[in-house]
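Dear colleague,

Here is the structure that I promised to hand over, with some notes on what I found in it. Please read them with the coordinates open beside you.

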Amino acid sequence: MMNEINKILIANRGEIAVRVARGCHNCGITAVAVYSDPDRTAFHVRVSDEAYPLDGITSAETYLVQEKIIEIAKSCKADAIHPGYGFLAENAGFARLCAKNNIIFIGPSPEVIKLLGDKLEARVAAIKAGLPLAPASTQDIEDIPKAKIEAGNIGYPVLIKAAAGGGGKGMRIVNDEDSFEAALKMAASEAKSAFGDGRVYIEKYIARPRHIEIQIMADTHGNVVHLGERECSIQRRHQKVIEESPSAVVTQDLRKRMGDAAISIARATGYVGAGTVEFLVDEDLNFYFLEVNTRLQVEHPVTEMVTGFDLVKEQIRVARGHKLSFTQEDVVQRGHAIECRIYAEDAAAGFVPCTGKLAAYQEPAGPGVRIDSGFLAGDTIPVYYDPLIAKLVTTGRTRETAIKRMIRALNEYIVHGVDTTIPFNLLVMENESFVSGILSTHFIEDEFPELADSLSHSEEELEISAMAAAIIDYKQHSKITATANKRAETGSPWKLSGRVSGLRKVW
Amino acid sequence: MKKVQVSTADKSWDFVIREEDGQMLITQNGSDHPVDLIRLGQSRYSLIIDGHSHEIGVDGSFDGYRIFNGSRSEKFLVEDFELARIKKEAGIEDTVKQLNVIAPMPGLIIQINCSEGDEVAQNQPILVMEAMKMENDIKSPKTGTIKSIAVALGDSVDKGQVLIEFA
């Protein structure tokens, strides 16, 4: 079945909306933007062919209002909706609403989104598909001696987790059998008071995991391929900040095994489109299924840069009902790509969002640099949405070259008006462990226990800024003095103008 | 010729600026540095000091200058050297040194971890604000004593609003 797609509504904003609009234009498709009030002049509106208002300010009033978006798509006769990431991208109800209105939702079916969006259901699906999961007790603990045996079988350290839990409550890391019983009791009582449910279970604790994920693409003809891995171990608040492909630790053999695992869960669930299967990888390179993201990821450009495929273009092909343009044999990773997310955030103050006007904004360029951004010079970063300014991607034949290019590009990047995570990214690029590829999801805490100190200005840099302040102050004052002197000599231009017009009246 | 003192919350520099035959010079600790400052736009300058090229941004929308140099920014107060000396002798603190805690973004105060009269260290988390769906620690900009807390739990605040004043 072939679907005609000539016009796509992009139900998103910022850099991803710009990225998708570019993908549309690469396919000769009309790109339709939608925008909130503060985004009227945003880059995604300016780069798109058509743009319609969502009338409102916050995400809840605009980009999340399904009916408004469907209404616009119908009235402008869009054939499909691309949700980007975030907002409605993993909303099964929205995918269903699109189908009901005969609009193609660019993504998997509502059933697949729903299944994989539920962590427990996804875990069951992964087990059925034969994916490795972190060893865990099969049910909640009732009998302490039995639980001890189970913990011993799983192997210490173990994690005691609340069955009803979340947010770290009712969670305990246990390093040996001696401390097991006390930890279990504490976790259970904490879970009881936090969730009114004291059930706990045991899971293998992975001490220093890497976060490594596999990009998959599937069409409606039964073809499923993987495009290799991305390593996203550098995270703050469980959010990725630096990603790369390939991973420094993934061998050809491990890549094949992880890729096959990702393909098998995609096949088992009837996955269609672009998706990502996330894994945790332990120090012995065992990998464990984490979850599936049923959308285009923020970090997809690193995969595009090493494989050469345009993932948005492939998404559109699949949505049109065509076969993927390539097979597994065609996927070859060439060279290395790294992505640094540039957020309007003050990393030294704990990654606090900084909003404001980009008084000066100049992106780096040159060999091996790609930048996907959502803003232009003079734009204001609104307070209402994610503070991601841009994704800076550098490539090279080797990881070392990509890192060197990243350092060069970060130093070339000019952002005046708001604080950004550029200094933080530089700190990581110049860090010895990072350069050696020694990563884990605890990287930031491990390497920079005092991040604010690590990020402080160098003496020389601060002195130059102090000199600049003195010189600019001097120039401004001498200008004021010069203007005042000039006025004293010639008299005020206003007075002069008044006199001339006064004379005219007489004439 | 002008002698100035430039200061941040915890550092200060003395500079002399003068012009000789159209060449601007900045002097620090007795050594002269030739300077060339060209304005590129509203708040953007190209600065060459001793042959080193810098791209500088300026935000002058408060008492002093917020200087963007490379990818970092810092707030500076520029004062006449004599005036700064007299003020110091008279025990008057300047505005950058007083540094109240202001809201970095609009949001909701969900936690207050300090009381009036508390001695706090620089970077010590003193408040928690909820903004952009995240909990953000607000840290003390300096070591000092808290004079007053201008907000209460559950208050929604605007960007730039004073949250805490230092003694």
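Leu285(A) sits in the loop between β12 (273–281) and β13 (287–293) of chain A, where helices (H or I, at least four residues) and strands (E, at least two) are DSSP runs, numbered from the N terminus. Although Leu285(A) is not a glycine, its phi is positive, at about 65 degrees, and with a relative accessibility of 30% Leu285(A) counts as partly exposed (buried means under 20% relative accessible area, exposed over 50%, and partly exposed in between, with a 1.4 Å probe and protein chains only).

Before going on, please note that this is a predicted model, in which local features need pLDDT of at least 70 and side-chain atom pairs count only at pLDDT 80 or more, while totals for chains, interfaces and linings use all residues. Residues are numbered from 1 along each chain as its sequence is written, chains are lettered from A and ligands numbered from 1 in the order in which they are written, and side-chain values use heavy atoms, with hydrogens and water left out.

Phe87(A) also has a positive phi, near 40 degrees, in a residue other than glycine; Phe87(A) lies in the loop between β4 (80–82) and α4 (92–100) of chain A and is partly exposed, with a relative accessible area of 26%. Most residues other than glycine have a negative phi, and most peptide bonds are trans. On the peptide bonds, the one from Tyr156(A) to Pro157(A) is cis, with omega near -5 degrees, and Pro157(A) is placed in the loop between α7 (144–154) and β6 of chain A. Ser245(A) and Pro246(A) are likewise joined by a cis peptide bond, with omega about -5 degrees, and Pro246(A) belongs to the loop between β11 (239–245) and α9 (252–269) of chain A.

Over all chains there are 38 salt bridges, each being a side-chain nitrogen of Lys or Arg within 4 Å of a carboxyl oxygen of Asp or Glu. In one of them, Arg19(A) pairs with Asp310(A), with the closest N and O atoms 2.7 Å apart. Arg19(A) lies in helix α1 (residues 14–26) and Asp310(A) in the loop between α10 (300–307) and α11 (311–320), both of chain A, so the pair ties together parts that are 291 residues apart in sequence. Arg19(A) is buried at 6% relative accessible area, and Asp310(A) is buried at 17%. A network of salt bridges links Glu213(A), Arg230(A), Lys240(A), Glu243(A), Glu278(A), Glu299(A), Glu339(A) and Arg341(A).

The largest nonpolar core has 69 residues, and those with the most contacts inside it are Tyr413(A) and Met429(A); such a core is a set of buried Ala, Val, Leu, Ile, Met, Phe, Trp, Tyr and Cys residues joined through side-chain atoms within 4.5 Å. Apart from it lies another core, of 28 residues, among them Ala466(A), Ala468(A), Tyr65(B) and Val78(B).

Finally, there are zero disulfides over all chains, a disulfide being a pair of cysteine sulfur atoms within 2.5 Å. Cys76(A) is in none, as the nearest cysteine sulfur, that of Cys24(A), is 12 Å away, and Cys76(A) is buried, with a relative accessible area of 6%.

With best regards
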